[in-house]
Amino acid sequence: MALPPPALTLTGLTKRFGSKTAVDDISLDIRDGEFFTIVGPSGSGKSSLVRLLAGLDTPTTGRLHLRGTDITEVPANRRPTAMVFQSLALFDHRSVGQNIEFAMKMKGVPQAERRARALDLLRLVRLPEDYYPRPVTQCSGGERQRVALARALGSDPEILFFDEPLSAIDYRLRKTLEVELKELHQRTGKTFIYITHSLEEAMVMSDRIAIMRTGRFEQIGTPDEIYRRPNSRFVASFMGEVNILEISRTKGTPHFADLDLPAPQAPGAFAVLRPEALSPGAGEGPSFDALVTQKLMLGSRTQFHLRAGNTALIAEVAAGPRSALEVGQTARFGFDPADIAWVDS
Ligand SMILES: Nc1ncnc2c1ncn2[C@@H]1O[C@H](COP(=O)(O)OP(=O)(O)O)[C@@H](O)[C@H]1O
Ligand SMILES: [Mg+2]
């Protein structure tokens with residue numbers, strides 16, 4: 001049996017602004033019902049790309065297909081898609097219900113049906129029904145975000161786009177909304193295409209993550225693949241604190257240059273080692289002496305800042321006897337080479 005066509009197919013999608021190429025020849029299939037997240041630094045082209053996908057802008061070259069139909073020239077309001085912005089863009093002078101019903105009203109849905117669907121959507125985004133008549137100005141930040149979601153869902157889109165919707169929201173609420181968004185995705189079964197500059201946020205919610213750099217995708221993979229097997233130092237840099245060790249071949253055999261340790265299997269120019277892969281004690285793998293220069297309690301884990309020769313390293317250890325080391329002590333630290341992600345640049 002033939003597979004259903006992808007929700008979205010991007011073919012050589014390119015957007016130029018004068019001499020600036022914001023989106024550079026991207027080809028990709030996004031599966032029906034997938035939670036697909038694009039992560040990249042400011043200016044990498046995320047918003048330019050999602051604007052093309054949402055029909056808010058047209059590509060300089062390339063095509064876009066929705067379930068196999070070419071929609072490259074179809075404007076946003078005639079696509080079965082909706083966008084949730086960071087700025088929330090709610091109508092402040094209107095009620096929660098009027099905001100949610102906006103798209104339905106534009107489509108001519110009768111009032112009773114609009115109201116029934118708006119109340120369903122309120123439940124879907126976990127807001128009480130008595131919010132329906134409330135002015136949006138009386139909603140908190142998190143409630144406004146939920147109203148914005150319900151409003152985007154009001155047109156019953158096949159695909160929802162999110163351009164950094166949580167980046168202006170404080171940490172605790174953001175964590176709650178991440179889980180709610182993931183659950184909303186599961187409950188609705190719709191395709192979600194999400195933009196953020198935070199890999200941590202992306203990992204919580206996504207089926208697949210694309211790391212974007214100057215208009216291109218540097219790596220596409222599951223959260224686990226991106227986290228365990230970054231394919232470049234650029235991708236690894238999104239993992240927060242990570243150890244990147246250069247491999248030198250100057251002495252004939254490869255070695256971890258800064259640590260002056262042999263590296264018999266060194267298929268790349270750099271070894272990316274997550275802090276939790278570096279632990280006190282010498283095992284089977286490479287090990288070295290390091291001075292503890294800082295000790296930070298992170299709750300379930302303890303983070304050690306280390307110095308070995310001229311090299312600064314970070315190790316994270318589960319709370320317990322192995323985290324007994326103190327600042328000023330020197331101890332042996334080691335790692336399993338299987339935990340290394342090798343990268344060439
Ligand atoms: N309308 C525009 N006119 C000119 N340059 C633009 C326009 N929109 C975006 N750019 C440029 O394209 C690049 C990518 O921008 P953007 O897509 O907003 O990145 P991001 O969302 O990842 O921060 C930037 O260099 C930006 O200055
Ligand atoms: Mg942007």
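Q: How many strands form the open sheet that contains β2, and in what order do they come?
A: This is a predicted model. Read a sheet by walking across it, strand by strand. Here four strands form an open sheet, ordered β2-β1-β4-β5.

Q: Is the pairing in that sheet parallel or antiparallel?
A: Follow the chain direction along each strand. In this sheet the pairing is antiparallel.

Q: Which strands are the edge strands of this sheet?
A: Look for strands that pair on one side only. These are β2 and β5, the latter at residues 69–70.

Q: How many bridges link β1 and β2?
A: Count the bridges along the pair. Strand β1, residues 8–17, pairs with β2 over seven bridges, in the antiparallel sense. One residue pair shows how they line up: Phe17 has Lys20 of β2 as its bridge partner.

Q: Which strands does α1 touch on this sheet?
A: Check which strands the helix contacts, then compare directions. Helix α1 packs on the sheet and touches β1, β2 and β4 (61–66). The direction of α1 makes about 125 degrees with that of β1.

Q: What is the strand order in the sheet of six strands?
A: Walk across again. The order is β6-β7-β8-β3-β9-β10, in an open sheet with mixed pairing.

Q: Why is one side of β6 and of β10 left without a neighbour in the sheet?
A: Count partners. β6 (81–85) and β10 (216–221) stand at the edges with a single partner strand each, so one side of each has no neighbour in the sheet. The twist from one strand to the next averages 20 degrees.

Q: In which sense do β6 and β7 pair?
A: Compare the two chain directions. β6 pairs with β7, residues 159–163, in the parallel sense, over five bridges. In this pair, Val84 stands opposite Phe162 of β7.

Q: Which residues are around ligand 1?
A: List the neighbours. Phe17, Lys20 and Ala22 are among them. Others on the list run from Pro41 through Ser42, Gly43, Ser44, Gly45, Lys46 and Ser47 to Ser48. By class, the shell has three nonpolar, six polar and two charged residues.

Q: Where do polar atoms of Ser44, Ser47 and Ser48 meet an oxygen atom of ligand 1?
A: A polar backbone atom of Ser44 is 3.2 Å from a ligand 1 oxygen. For Ser47, a polar backbone atom is 2.9 Å from a ligand 1 oxygen. For Ser48, a polar side-chain atom lies 2.6 Å from a ligand 1 oxygen.

Q: How much of the accessible area of ligand 1 does the protein cover?
A: Start from the ligand on its own. Ligand 1 then has 560 Å² of accessible area, and the protein covers 58% of that.

Q: Which element gives the most to the shell around ligand 1?
A: Sort the shell by element. β2 (20–30) and α1 (46–54) are the elements giving two or more residues. α1 gives the most, with three.

Q: Where is Arg126, and what is its phi?
A: Arg126 is not a glycine, yet its phi is positive, about 65 degrees. Arg126 is found in the loop between α4 (111–124) and α5 (141–153). Asp156, also not a glycine, has a positive phi near 50 degrees. Asp156 lies in the loop between α5 and β7.

Methods. Residues numbered from 1 in each chain as written. Chains lettered and ligands numbered in written order. Predicted model: local features only at pLDDT ≥ 70, side-chain atom pairs only at ≥ 80, totals over all residues. Heavy atoms only, no water. Pairing = 2+ DSSP bridges. Axes fitted to C-alpha atoms, helices over the stretch in contact; angles between N-to-C directions. Near = heavy atom within 4 Å. Polar contact = N/O pair within 3.5 Å; in protein donor to acceptor, adjacent residues only side chain to side chain. Areas by Shrake-Rupley, 256 points an atom, 1.4 Å probe, with all protein chains shown as cover. Nonpolar A, V, L, I, M, F, W, Y, C, P; charged D, E, K, R; others polar. Contact = heavy atoms within 4.5 Å.
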